[in-house]
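Welcome! Here is a short tour for anyone meeting this structure for the first time. Have the picture open as you read, and take the topics one by one.

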Protein chains: 2
Amino acid sequence: MSLVIVGSVAFDTIVTPRGRVERAIGGSAVYSSMIASRFCRPMLVGVVGEDFTAEHRGILEERGVDLEGLATVPGGKTFFWEGRYGADPNERDTIVTELNVFEDFSPKLPGSYLSAEYLFLGNIDPELQLSVLEQFPEKPVTGIDTMNFWIEGKPEELRRVLEKVDIVFINDGEARQLSGEKNLLRAADKVLSMGPEVVVIKKGENGAHLFTRDFQFISSAFALDDVLDPTGAGDTFAGGFMGYLASAGDINSGTLKKAMVYGTVSASFTCEKFSVERLRALDIEEIKRRYNRLSDMTRFDRE
Amino acid sequence: MSLVIVGSVAFDTIVTPRGRVERAIGGSAVYSSMIASRFCRPMLVGVVGEDFTAEHRGILEERGVDLEGLATVPGGKTFFWEGRYGADPNERDTIVTELNVFEDFSPKLPGSYLSAEYLFLGNIDPELQLSVLEQFPEKPVTGIDTMNFWIEGKPEELRRVLEKVDIVFINDGEARQLSGEKNLLRAADKVLSMGPEVVVIKKGENGAHLFTRDFQFISSAFALDDVLDPTGAGDTFAGGFMGYLASAGDINSGTLKKAMVYGTVSASFTCEKFSVERLRALDIEEIKRRYNRLSDMTRFDRE
């Protein structure tokens, strides 16, 4: 099955106590499509400037990402972000955000994308998310990401998106903000009541918790002894989750649980090196080995 | 197999946004022995004042806790603690600490305790922990808890304890402090190098992570939709863990994993009501049901 991924394509400058990279490729659509490509053939929708060269496109193409939906704005500059991490990888300051061509992003899907059965809408303006959904003659299985900026700034538009989608990826703080509930189970219940069938609450190094109306599933994170750069971990989680689901071709409790674990181990790889470096060299066998190691570390006998 | 538990016995006044209790029984030895009693017959070692009445003793006795090692100081007053929680149950302020008879606690084990095969040393002065170990003609399988106060205040004495014990229970912040390592896997490695065979890092609502030289095991917490009072959750975790191990009578990767899950679900019950109220009414079948529910919520198919 095929998976359309819509989101940001960016250059990131990332500074950590252990080193830095300058203008490396990043953005939600890049991280999620690079990992999804280990499971299926993702079709990317995004926008870049003329500074996004053939070499940059090559990083995605060598992974088999379809770039027909990646628009280039003549004379434009690609979205640029600079961030700095402290000794604790959970603490991050944004130093520079230059939206550039992303400011006027208006996703247009090539005809060849419109028969996709799966769709992941990265963290973009809910109005754009709605406009993407409207382009499909038949609604694909849709997962979305969002953030506090849209929860505060466009609550009604976001509500309309939530009514139409199947899976929501959201972190714990955002789930509390969106629902007005401090307790995570109550927060998840409230988000489910807004429409989606599946709510996935991401908790960073503390794993992720999936909720449906019928069951819950908790995935522990795959702990690392060295976190070099956590940028893109959440996008990689969603990309691994949606990529596995698209490859499985069926949504049930078994495939949703496996999608959670694939998302979890996918995110762990991203943190091991700067930018998408670790994802470039990753194959499905490595992912499966880590998947099974997480099974070894969490499975226990019933009583 | 039998389990000796040494620690504090206290009166707690606990204030939360949802209510308060006045001078309810608490303390590490109380929480851990009340839950351990669902698995084996715990033998408590502690000290109280004359204000600790037959009624208070009855709360422990009705659970089958052996109180031969509970000393009463004539004319003395029992350790008193008052704490206040904010809207976030992870935020707690200590309002009052009156050590009273606990200040001169010098644990003496009755002869009938000295053949116990398992020992849990709650969070007390490492010098007292050493003095308890020395009373045993044959060293039992020993688990200890500790805290930042002793890590800072008696580092050398604590190191001597760590060389002699089998299992260390410690929370994530304390593990970082004790090891000087920010990363949890490295912190655990360093604590293992100090002597114990097993290091259990408790992460509150984010579960717990067990480390040995041969394997790791991660337990997700059992999420609750209502946390009324988290006081004693860590002590209940250790009591459930050690109580199960003592009942299993063998230490191997299978029993250690099960001990982790029993500790986890035990702690969840404590948080559901104030003080030890939930533990008073708890039976082993309820514990096993929740144990199996946690298995349902975390188990996934291998690849």
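Let's begin with a sheet in chain A: four strands form an open sheet in the order β3-β2-β6-β7, and their pairing is mixed. Please keep in mind that this is a predicted model.

**The four-stranded sheet of chain A**

- The edges of this sheet are taken by β3 (19-26) and β7 (92-98) of chain A; each has a single partner strand, so one side of each is left without a neighbour in the sheet.
- On average, and with direction ignored, neighbouring strands here are turned by 15° against each other.
- Strand β6 (residues 79-85) of chain A pairs with β7(A) in the antiparallel sense, over six bridges.
- To find this pairing in the picture, look for Arg84(A), whose bridge partner in β7(A) is Asp93(A).

**The nine-stranded sheet of chain A**

- Chain A also holds an open sheet of nine strands, in the order β5-β4-β1-β8-β9-β10-β11-β12-β13, again with mixed pairing.
- Which strands sit at its edges? They are β5 (66-73) and β13 of chain A, each of which pairs on one side only.
- At the β13 end, strand β12 (residues 208-211) of chain A runs antiparallel to β13(A), and four bridges join them. Leu210(A) has Phe217(A) of β13(A) as its bridge partner.
- β12(A) and β13(A) form a hairpin, with four residues between the two strands.

**A helix pair in chain A: α3 and α5**

- Helix α3 (residues 126-135) and helix α5 (residues 155-164) of chain A have axes that come within 8 Å and cross at roughly 35°.
- Is the crossing left-handed or right-handed? α3(A) passes α5(A) in a left-handed crossing.
- On the α3(A) side, the residues that meet α5(A) are Pro126(A), Glu127(A), Gln129(A), Leu130(A) and Leu133(A). Their counterparts in α5(A) are Glu157(A), Leu158(A), Arg160(A), Val161(A) and Lys164(A).
- By class, the residues of this contact divide into five nonpolar, one polar and four charged.

**A helix pair found in both chains: α9 and α11**

- In chain A, the axes of α9(A) and α11(A) come within 9 Å and cross at roughly 115°. The two helices are therefore roughly perpendicular to each other.
- This crossing of α9(A) and α11(A) is right-handed.
- From α9(A), the contact draws on Val261(A), Tyr262(A), Thr264(A), Val265(A), Ser266(A) and Ser268(A). From α11(A) come Ile287(A), Arg290(A), Tyr291(A) and Leu294(A).
- Six nonpolar, three polar and one charged residues make up the contact of α9(A) with α11(A).
- In chain B, helix α9 (residues 253-270) and helix α11 (residues 284-298) have axes that come within 9 Å and cross at roughly 115°. That makes α9(B) roughly perpendicular to α11(B).
- α9(B) passes α11(B) in a right-handed crossing.

**Where the two chains meet**

- How many residues of each chain are in contact with the other chain? There are 32 residues of chain A in contact with 32 residues of chain B.
- On chain A, α7 (184-193), β13 (216-219), α9 (253-272) and α11 (284-298) each supply at least two residues of the side that touches chain B.
- The most comes from α11(A), which gives six residues to that side.
- Sorted by class, the residues on the side of chain A that touches chain B are ten nonpolar, ten polar and twelve charged.

**How the copies are related**

- Chain A is superposed on chain B by a rotation of 180° with 0.0 Å of shift along its axis, and the RMSD is 0.0 Å. That is the relation of a two-fold axis.
- Both copies use the same surface: 100% of the contact residues of chain A recur in chain B.

Note on methods: Residues numbered from 1 in each chain as written. Chains lettered and ligands numbered in written order. Predicted model: local features only at pLDDT ≥ 70, side-chain atom pairs only at ≥ 80, totals over all residues. Contact = placed C-beta atoms within 7 Å. Nonpolar A, V, L, I, M, F, W, Y, C, P; charged D, E, K, R; others polar. Least-squares fit on C-alpha atoms with pLDDT ≥ 70 in both. Axes fitted to C-alpha atoms, helices over the stretch in contact; angles between N-to-C directions. Parallel < 35°, antiparallel > 145°, perpendicular 65-115°, else oblique. Left-handed = near helix turned anticlockwise from the far one by under 90°. Pairing = 2+ DSSP bridges.
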